[in-house]
Amino acid sequence: MIHDEWVAVDNYLASLYPDDTALETGLKRAAEAGLPDIQISPAQGQFLHVLARSLNASSILEIGTLGGYSAICMARALPTAGRLVTLESDPAHAAVARDNIAAAGLDDRATVVVGPALDTLPAVASQFPGGFDLIFIDADKEAYPAYWDWSLRVAHPGTMIVADNVIRDGRVADPDDDDPQVVGVRQYLALATSDAGVVTAVVPTVGVKGYDGLSYSLVVRTHGEPGV
Ligand code: SAH
Ligand code: DHB
Ligand code: MG
């Protein structure tokens, strides 16, 4: 369910900012190509941008590109020598994202890797031996637990791991809901809240995307490191 007030407030907040041609034409291009309208909201995109800048992130990993909306929001926070890699299984989505990233002037920093993320992650990880400063998980929810494990493998102390869609209209809290996507998110949250090397905040949100939420996990120490 999406309440009218939630939409009105999100629209009001978006109206406070100057027009963002790259993001708006990117959404138009995605709609024309028939991509689903499931990217993060403008307010959430702005939040990820602020977060990336707060972290001074120079390396960002995204799992789930779609048309590149969230990738653009985050890549804009990078210094010119920074890198964002975003993983997308659907070649049609990846093609739209590449166009949008290039039109936003970010193709020097942001790369779309096509293929199921669990297949492409080993090579991507080996290209970033120092790991990533920020990781945004937003692909198939069934695999969120596997993405959590991969995130820890490419993390360093100080890495922020963000996951989208962790509330799903409250379904995550219904123990009778055994939809594999809901189960995947529930397992993800169990992992993220019980790892002794990570501090996690789960933040519910309402807005144009309905009632949902994002999870924020700050890696304090990685496995194998002496305890603090
Ligand atoms: N982060 C985007 C939205 C991503 S929607 C934004 O906010 O702008 C989820 C995307 O994950 C879809 O494009 C879908 O094709 C992709 N996806 C689904 N399963 C995947 C997998 N196994 N590996 C990589 N991408 C996957
Ligand atoms: C949906 C929304 C998302 O943010 C996502 O990553 C995947 C699916 C949805 O509304 O179906
Ligand atoms: Mg999402």
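**Around the two ligands**

A polar side-chain atom of Ser 70 sits 2.8 Å from a nitrogen atom of ligand 1. Keep in mind as you look that this is a predicted model. The backbone takes part here too: a polar backbone atom of Ala 117 is 2.9 Å from a nitrogen atom of ligand 1, and a polar backbone atom of Leu 66 is 3.4 Å from an oxygen atom of this ligand. On its own, ligand 1 has 580 Å² of accessible area, and the protein covers 88% of that. Two elements, α4 (69–75) and β2 (83–88), each give two or more residues to the shell. There are 22 residues around ligand 1, and those that come nearest are Gly 64, Ser 70, Glu 88, His 93 and Asp 138. Sorted by class, the shell holds 10 nonpolar, seven polar and five charged residues.

An N or O atom in the side chain of Asn 165 lies 2.8 Å from an oxygen atom of ligand 2. For the side chain of Asp 164 the corresponding distance is 3.2 Å, while Ile 38 brings a backbone N or O atom to 3.2 Å from a ligand oxygen. The protein covers 61% of the 290 Å² of accessible area that ligand 2 has on its own.

Val 9, Tyr 12, Leu 13, Leu 16 and Tyr 17 make a nonpolar patch of about 500 Å². Leu 13 belongs to helix α1 (residues 4–15) and is partly exposed, with a relative accessible area of 34%.

Notes
Residues numbered from 1 in each chain as written. Chains lettered and ligands numbered in written order. Predicted model: local features only at pLDDT ≥ 70, side-chain atom pairs only at ≥ 80, totals over all residues. Heavy atoms only, no water. Polar contact = N/O pair within 3.5 Å; in protein donor to acceptor, adjacent residues only side chain to side chain. Areas by Shrake-Rupley, 256 points an atom, 1.4 Å probe, with all protein chains shown as cover. Patch = residues over 30% accessible without salt bridge, like charges linked within 9 Å, V, L, I, M, F, W, Y side chains within 5 Å. Salt bridge = Lys/Arg side-chain N within 4 Å of Asp/Glu carboxyl O. Helix = DSSP H or I, 4+ residues; strand = E, 2+ residues; numbered from the N terminus. Buried < 20%, exposed > 50% of the residue type's maximum accessible area, 1.4 Å probe, protein only. Near = heavy atom within 4 Å. Nonpolar A, V, L, I, M, F, W, Y, C, P; charged D, E, K, R; others polar.
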